[in-house]
Amino acid sequence: MREPSSQIVEQWLELQLLFKAHPPNLVVERLDFRGGRNAKLTPELLAGYLDMTLEQASYMREEHASVVQGLPDYPQKAFTGRGIAMIGGGRYSEFLATTLGMIRLIGSRLPVEVWMKDRSEEKAAWCDDLLTQGAVCRFISDYIADMSVFTHYYQLKVPVLLFSTFAEVLYLDSDSMPVVNPDAVFDAPLYIATGAVLWPDFWRSSESPYTPFITGRDSVKATAVPGFQTVEAGQMLWNKEKHWKGLCLSAYYNYFGPDYFYTLFTQGSHGWGDKDTFPTALRALGANWTLVAHHPQAQKYNDGTGTGHGVKIVQGTGAAMMQADPARGEEFRSLFLHIIAVKLSPRRLLCTECVEDASALSAQERLEGKRVVFKGSIVDEGSTIHPQMRDGKRLFATKVEDELNDLGKLDTEKDIWRVMERVACVGAFSEEETCNRTRTHLEKAFGEVTRWDGGSERRCR
């Protein structure tokens, strides 16, 4: 895999100048949504949230139009091929190690780029380990000299997509793992037709009535509740040649996201962050794109009843969400499992005396003086999954487990634990005690242990 070209680095500098020339004219603070995050959306509720005048919105509409006018054309020959791009760094690297292991276990042959904010987030020896798995480390700071604008983890997704060497990108969050081979998704008719596929979230849009006016979708302030679903950007499929300007406009939204656009697009309700910057940019440009028709399905924790329990979310309860394969048409078949609650890494689940670990912090968190001292779920009685870990049981509800399987061919949770055994026993995150506990849990919950010795796999029953 090659390095991102100087052509795109130069284009980023031009974009940055464009963005700085057209900043928002006020700071929109992140506040709690009035009426509560699960309040019924009404025109009055949405209109009464932001303290913004028509004059301020009109000014921003003109600034936005200037940015759209100045968006650059696609840089020919800057990118090539198809691949997966992900963001690691700090504690996210542990989650990513599990996800990457699943990507390879289920047969994906796509090249993978693992991005981090800067080299301070690199786990010792991990980048060497990634090379053996068909992945390569990249650092955003190698291509952006001034990283001070990136104050939130949410903002990093856009530079990863911009700088990735791939012309066609499957972006995955560190905790969003495919449960069947995702390679064929690039050949899905919906993707070929539009060049951008996004997946829905659980809730409807709560954007400000000024959003369509500011972004040029309408000539007046909206008077009705938005009629569309928000997106869940833990996975995105993006053809950069078809939607380069949409990606660049999303970069503008994220550049000023924490102080303006994130709150404009959500008004403090669910999903504050980068996720709705992508569909908003595509809508603003009148682009043709695909929102997967199937709503996500909630995956619950196993409580022994066959129905499960979990952390409350908007519709039902869930520990994770399952997103559909867009190639399956009207039939819902899971393609991605995106973890909502307790993240899947061996240390988070099984360590008994976890100590402070600076590598589990992002660079920003270290600057803020944060510390990481935690207990694994096996000993943390306050953890949602403590009973399952203590008793060596499956994490996910049996009733939902069948929905994770593709025509009965897979046992997804067992595969995840097989991967986590490799993470715990081999490579940069290996630790003898956690390795042994992972093997014990595999044997108790699934009657099988997959022992990784020197990188080779040997199953034991």
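How many nonpolar, polar and charged residues are in the lining of the largest cavity? The lining has nine nonpolar, three polar and two charged residues. The legends below take this cavity and several other sites in turn. The model is predicted.

**Figure 1. The protein as a whole has 17 helices and 15 strands.** The chain has 461 residues, and 59% of them count as buried. Among contacts between residues at least 6 apart, 74% join residues at least 24 apart.

**Figure 2. The largest cavity has a volume of about 100 Å³.** The count comes to six cavities of 30 Å³ or more. The largest cavity is lined by 14 residues. Those that lie nearest its centre are Ala97, Asp129, Gln133, Arg422 and Val423. Rolling a probe the size of a water molecule over the atoms shows where empty space is left.

**Figure 3. Helix H16 is mostly covered.** Of its 14 residues, 14 are buried. H16 reaches 20 Å from its first C-alpha to its last. That is close to the 20 Å expected at 1.5 Å a residue. Just after H16 comes Gly427, with a positive phi of about 100°.

**Figure 4. Helix H11 spans residues 277-284.** Why is H11 largely enclosed by the rest of the structure? Seven of its eight residues are buried, so the rest of the structure largely encloses it. The buried residues are Thr277, Phe278, Pro279, Thr280, Ala281, Leu282 and Ala284. Just after H11, Gly286 takes a positive phi of about 65°.

**Figure 5. Val9 is found in helix H1 (residues 6-21).** Val9 has a relative accessible area of 22%, so it is partly exposed. The cut-off for buried is under 20%. Leaving aside residues up to four places away in sequence, Val9 touches Tyr143 and Phe163. Val9 and Tyr143 are 134 residues apart along the chain. Their C-alpha atoms are separated by 6.0 Å.

**Figure 6. Ser108 makes a polar contact with Asp183.** This contact joins the two side chains at 2.6 Å. Ser108 has its place in the loop between H4 and strand S2 (112-116). Is Ser108 buried or exposed? Ser108 is buried, with a relative accessible area of 4%. Not counting residues up to four places away in sequence, Ser108 touches Ile84, Ile103, Asn181, Pro182 and Asp183.

**Figure 7. Lys77 has a positive phi, near 70°.** Most residues other than glycine have a negative phi. Lys77 is a residue other than glycine, yet its phi is positive. Where does Lys77 lie? Lys77 lies in the loop between helix H3 (54-70) and strand S1 (82-87). Lys77 is exposed, with a relative accessible area of 77%.

**Figure 8. Ala125 also has a positive phi, of about 75°.** Ala125 is not a glycine. Which loop holds Ala125? Ala125 is found in the loop between S2 and H5.

Definitions and conventions. Residues are numbered from 1 along each chain as its sequence is written. This is a predicted model: local features need pLDDT of at least 70, side-chain atom pairs count only at pLDDT 80 or more; totals for chains, interfaces and linings use all residues. Side-chain values use heavy atoms; hydrogens and water are left out. On a 1 Å grid over the protein atoms alone, a cavity is a set of points where a 1.4 Å probe fits but cannot get out, and a pocket is an open set with protein on both sides within 12 Å along at least five of seven lines; lining residues have an atom within 4 Å of a point. Grid points are joined across faces, edges and corners, and a volume is the space filled by probe spheres set on the points. Ala, Val, Leu, Ile, Met, Phe, Trp, Tyr, Cys and Pro count as nonpolar, Asp, Glu, Lys and Arg as charged, and the others, Gly among them, as polar. Helices (H or I, at least four residues) and strands (E, at least two) are DSSP runs, numbered from the N terminus. Buried means under 20% relative accessible area, exposed over 50%, partly exposed in between (1.4 Å probe, protein chains only). Contact means heavy atoms within 4.5 Å. A polar contact is a pair of N or O atoms within 3.5 Å; within protein, one must be able to donate a hydrogen and the other to accept it, and residues adjacent in sequence count only if both atoms are side-chain atoms. The expected span of a helix is 1.5 Å times one less than its number of residues.
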